[in-house]
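Work through the exercises below with the structure open beside you. Try each task before you read its solution.

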Amino acid sequence: MMKAYSLFLAMLAASATPAVGAESTAPLGAAPNLDDDVKNVVFAELWERPELTRRDRSLVTITAEIAQGHLESLPFQFALALENGVEPQELSGAVTHIAYYSGVSAAVEAEAVLARVFAQRGIKTADLKVVEAKPAPDAEAAKAQREVVLSMVGDVSPGLAHFSNTILNGDLWLREDLSPRDRSLVTVSALITQGNVEQIPVHVNKGIGNGLTRAEIGEVITQLAFYAGWPRAFSAAAVVKEMDLPE
Amino acid sequence: MMKAYSLFLAMLAASATPAVGAESTAPLGAAPNLDDDVKNVVFAELWERPELTRRDRSLVTITAEIAQGHLESLPFQFALALENGVEPQELSGAVTHIAYYSGVSAAVEAEAVLARVFAQRGIKTADLKVVEAKPAPDAEAAKAQREVVLSMVGDVSPGLAHFSNTILNGDLWLREDLSPRDRSLVTVSALITQGNVEQIPVHVNKGIGNGLTRAEIGEVITQLAFYAGWPRAFSAAAVVKEMDLPE
Amino acid sequence: MMKAYSLFLAMLAASATPAVGAESTAPLGAAPNLDDDVKNVVFAELWERPELTRRDRSLVTITAEIAQGHLESLPFQFALALENGVEPQELSGAVTHIAYYSGVSAAVEAEAVLARVFAQRGIKTADLKVVEAKPAPDAEAAKAQREVVLSMVGDVSPGLAHFSNTILNGDLWLREDLSPRDRSLVTVSALITQGNVEQIPVHVNKGIGNGLTRAEIGEVITQLAFYAGWPRAFSAAAVVKEMDLPE
């Protein structure tokens, strides 16, 4: 995937070279083994693995960057996502979705970066739409879900139950700019990145229902080992292992 | 709460417009649904809920921003906190308090932002005081607390026990620039934001003792669902539910 | 340790004074108690404690800063690390190591900061080497470790098992620019900072095998109470206490 690596180098050069000084010819140079690993392991191997498409890897990685507040890395990752086939409206939808799983400010800060990337690439934000939610496909199931939320947290935090049932389950997940499968991909990635192991099972199961496969979940964990660190990946793998998912 | 939203737009325009480019008229524009949700759900609904004062919501939100390192969002949140009635000396006290629960560097980086906000609003840092700790209100209880700390971590980490008993319990919590209730509000917010579920019960109980109510704790969780993400809020709600707090 | 504090003030003055405005004479001034605590507790007391060398404290603290994305604090901490005797090649090795435990982007963003610090101090990145891995000292033990990884996560995430056995255990930990003891110091610090309590026991045991002492582990926790916050330190202490390590 040398195209991605070239893009990475070009964006590093644009941002980092003046600070590093004229004597440096390497992209960063201060950690030569890291530079080598990024080139030979991350770009030449990880991103090329067939177990997950590059498009999906971009959605996973962008989620990890936003959840961790890596604003310096986001311009490159947003640009790479567009190269990998994520549509501008899907990126908008993903950033909005992540707001609810990683916090509004993480998403608004990322949105400012995305606005710059769109401007640099000639994508007009005026062409982006406010997307409406579809009706829930199964009204009975939606009602049952609302009851579950109320019984779980309605007494302790009525506000959390209210907003879970209105803006999240009753609106966000039903918006048409990102498929339910992609919303699950993004949500599971946020949970793994943030170490929210308690909520992984329910969202992995929901993701399977939305069309993710067991093998894809396993490769999401692999991608996040690199972009959120090995400890988060191992904690997630231990939880998923206990779930005993069908092949 | 359109005043807050107007302030939000004004500060976004000051920071983001040049980067976004002249073709953008929206505040950010790259994620229109997120922009809508921030306006219609976060500002028009969440911040207006009567279950927690705007002043308290500001203390909760500033804690979440500092704990997550959202330096880009902090100028707005500090300005909003002043608008909402948090006194400059209280903001100083809150940033100092957060240093011990989210790390010194998170707080020092936030302090640099606060210094800029104070300067822009004509608040002179020379008027801020170094605040002394009062004597502990109950010397016997303070002694018992020191014994508990020693028995918990004195053997594994003598330094942790030493500093817990001197700088934290013997000084920080007794300083007069932030009330014990507000210190509990900030501490519980830091724990929820960071996913430190193990320590939530002891600090929720302490907060109840310091004057926080069960309903306020529930609404802190609601506020943090938006500012730290739904997963942290649900994990916190599950822990508080087990506590079976009195109405 | 007034030299470190002077360096801290000088680097703050270089970055913060223009923003704070001319009326400020204090280093930051917006939180006077925090300024006092940084001077009198963090620098005059914590960094001077004999239980851990200043060099080791620098490795621990740099790990915490990178893991939390505190890019504003890193220039000072990298400079302090060099003053405290961490060699440039060791810093390179540490940043690379942290990439695998806190994520590639956290490390690449830190590497850009390190490149600036090296340039400012006349350290030529051309003198840094790509370091090769030594053969594993015990081939049988290495083989057994690979089997353990496969049995733990090979089914759930074949990619995670593959990269764990190749790039991590089969390469990173065997590179000669950072000793196994220092790699354990960095790894344990990353786990504590990120709240990865599940993985603390295996890496504390590995660290003891690599030459860390029980007292040093306890003081790593103390250092991280200040640089990652008290909650992470208490969670780590509770886990280490259960391990019942030999004196």
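**Exercise 1. The axis**

Which residue of chain B comes closest to the rotation axis, by C-alpha?

Solution. Keep in mind that this is a predicted model.

Step 1. A rotation of 120 degrees superposes chain B on chain A, with an RMSD of 0.0 Å. The shift along the axis is 0.0 Å.

Step 2. Look for the residue of chain B that lies closest to this axis. That residue is G69(B), with its C-alpha at 4.4 Å.

Step 3. Turn to the surfaces. Of the contact residues of chain B, 2% recur in chain A, and the copies use different surfaces.

**Exercise 2. Chain A and chain C**

Find how chain A is related to chain C.

Solution. 

Step 1. Draw the conclusion. These two copies are therefore related as by a three-fold rotation axis.

Step 2. Locate the axis in chain A. The nearest C-alpha there belongs to G69(A), at 4.4 Å.

Step 3. Check the surfaces. Only 2% of the interface residues of chain A are also interface residues in chain C, so these copies meet through different surfaces.

**Exercise 3. Two interfaces**

Solution. 

Step 1. Take chain B and chain A. Chain B gives 47 residues to the contact and chain A gives 48. Together they bury about 4,000 Å², and 61% of this is on carbon and sulfur atoms.

Step 2. Look for charged pairs there. Two salt bridges join chain B and chain A. D155(A) and R214(B) form a salt bridge through their side chains, at 2.9 Å from N to O.

Step 3. Move to chain A and chain C. Here 47 residues of chain A touch 48 residues of chain C. The buried area is about 4,000 Å², with 61% on carbon and sulfur atoms.

Step 4. N33(A), W230(A) and F234(A) supply 16% of the area that chain A buries against chain C, more than any other three residues.

Step 5. Count the salt bridges between chain A and chain C. There are two. R214(A) forms a salt bridge with D155(C), and the closest N and O atoms are 2.8 Å apart.

**Exercise 4. Two helices**

At what angle do α11(A) and α12(A) pack?

Solution. 

Step 1. Place the helices. In chain A, α11 covers residues 214-228 and α12 covers residues 230-243.

Step 2. Read the geometry. The angle is about 160 degrees, and the axes are 7 Å apart.

Step 3. Classify the pair. An angle over 145 degrees counts as roughly antiparallel. α11(A) and α12(A) are therefore roughly antiparallel to each other.

Step 4. List partners. The residues of α11(A) include I217(A), I221(A) and F226(A). Those of α12(A) include W230(A), R232(A) and V240(A).

Step 5. Sort the residues of this contact. There are 10 nonpolar, no polar and one charged.

Key
Residues are numbered from 1 along each chain as its sequence is written. Chains are lettered from A and ligands numbered from 1 in the order in which they are written. This is a predicted model: local features need pLDDT of at least 70, side-chain atom pairs count only at pLDDT 80 or more; totals for chains, interfaces and linings use all residues. Side-chain values use heavy atoms; hydrogens and water are left out. Copies are superposed by least squares on the C-alpha atoms of residues with pLDDT of at least 70 in both. Contact means heavy atoms within 4.5 Å. Axes are lines fitted to C-alpha atoms, for helices over the stretch in contact, and angles run from 0 to 180 degrees between N-to-C directions. Helices (H or I, at least four residues) and strands (E, at least two) are DSSP runs, numbered from the N terminus. Angles under 35 degrees count as roughly parallel, over 145 as roughly antiparallel, 65 to 115 as roughly perpendicular and the rest as oblique. Ala, Val, Leu, Ile, Met, Phe, Trp, Tyr, Cys and Pro count as nonpolar, Asp, Glu, Lys and Arg as charged, and the others, Gly among them, as polar. Buried area is the accessible area (1.4 Å probe) that two parts lose on being put together, summed over both. A salt bridge is a side-chain nitrogen of Lys or Arg within 4 Å of a carboxyl oxygen of Asp or Glu.
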